[in-house]
Amino acid sequence: NVVRLFDSTRHWFAFGPDDVWTLFHSCAFDFSVWELWGALLHGGTLVVVPFAVSREPEEFLRLLVRENVTVLNQTPSAFGELLRADAASPSLGRRLSLRYVVFGGEALDFARVAEWFTRHPREAPVLVNMYGITETTVHVTGLPLTEDMARAATGSIGHAIPDLRAYVLDAGLRLVPPGVVGELYVAGAGLARGYLGRPGLTAGRFVADPFGGPGERMYRT
């Protein structure tokens with residue numbers, strides 16, 4: 001599933017051996033899977049961030065500059081702290097080598113990242129909002145952010161990764177029209193088989209996909 005995740009998003013990012021990634025998150029957090037294998041599968045460099053540095057935004061900013069990091073993965077709350085450090089040291093922030101900042105793990109408040117565009121070029125780096133869950137192998141959807149999106153503060157999780165399908169359904173598992181509240185279900189290649197040793201929980205969350213082929217399942221988020 002991890003290999004297919006990067007194969008399916010290759011055209012979004014074009015990661016390569018020249019990229020430098022940080023391992024910022026705990027290995028108990030599925031975001032670390034993306035960080036670790038994103039670097040290693042593409043022959044890139046992985047910088048393991050010391051725990052103390054991860055809790056000091058100014059020191060972390062210095063590390064990003066010193067190590068020429070090109071791919072940064074952050075929860076929105078952690079990025080908010082980095083934003084403050086960047087604002088306090090704009091000359092240091094201008095020395096960043098970032099190509100991508102990928103958000104995950106929490107809902108992103110678009111308005112909070114609007115400040116970034118006041119100090120950095122619109123596409124250097126590209127900010128990408130990604131939504132996902134452990135049961136579907138880290139990421140499900142992605143959306144590159146523009147300055148206009150951030151200032152409009154509308155909020156969106158974007159489009160599904162090409163080998164996944166995302167449905168918003170009602171209680172009867174029927175597709176709801178745009179603008180109608182429903183529950184998000186995810187189907188496709190990234191789904192786990194279920195919860196080890198917990199058949200009841202598996203049956204309640206991994207349900208038959210009425211829009212897929214025989215035997216296909218979808219995950220109830």
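Tutor: Let us begin with a definition: buried means under 20% relative accessible area, exposed means over 50%, and partly exposed lies in between. The model before us is predicted.

Student: Why is W37 called partly exposed?

Tutor: The relative accessible area of W37 is 37%. W37 belongs to helix α3, residues 31-40.

Student: What makes the nonpolar surface patch that includes W37?

Tutor: V3, W37, L40 and L41 make this patch, with an area of about 370 Å².

Student: Is D19 buried or exposed?

Tutor: D19 has a relative accessibility of 3%. Buried means under 20%, so D19 counts as buried. D19 is found in the loop between α2 (10-13) and β1 (20-23).

Student: How do you know that the side chain of D19 makes a polar contact with the side chain of R99?

Tutor: The distance for that pair is 2.9 Å, and the cut-off for a polar contact is 3.5 Å. The D19 side chain also reaches the backbone nitrogen of G16, at 3.0 Å.

Student: Which residues is D19 in contact with, leaving aside its neighbours within four places in sequence?

Tutor: They are A14, G44, T45, T70, V71 and R99.

Student: What domains does the domain assignment give?

Tutor: It gives domain 1 (1-160) and domain 2 (164-220). Their contact takes eleven residues from domain 1 and eleven residues from domain 2.

Methods
Residues are numbered from 1 along each chain as its sequence is written. This is a predicted model: local features need pLDDT of at least 70, side-chain atom pairs count only at pLDDT 80 or more; totals for chains, interfaces and linings use all residues. Side-chain values use heavy atoms; hydrogens and water are left out. Patches are made of residues with over 30% relative accessible area and no salt bridge: like charges are joined within 9 Å, nonpolar side chains (Val, Leu, Ile, Met, Phe, Trp, Tyr) within 5 Å. Accessible areas come from the Shrake-Rupley method with a 1.4 Å probe; for residues, only the protein chains shown count as cover. A salt bridge is a side-chain nitrogen of Lys or Arg within 4 Å of a carboxyl oxygen of Asp or Glu. Helices (H or I, at least four residues) and strands (E, at least two) are DSSP runs, numbered from the N terminus. Buried means under 20% relative accessible area, exposed over 50%, partly exposed in between (1.4 Å probe, protein chains only). A polar contact is a pair of N or O atoms within 3.5 Å; within protein, one must be able to donate a hydrogen and the other to accept it, and residues adjacent in sequence count only if both atoms are side-chain atoms. Contact means heavy atoms within 4.5 Å. Domain bounds come from an automatic or database domain assignment.
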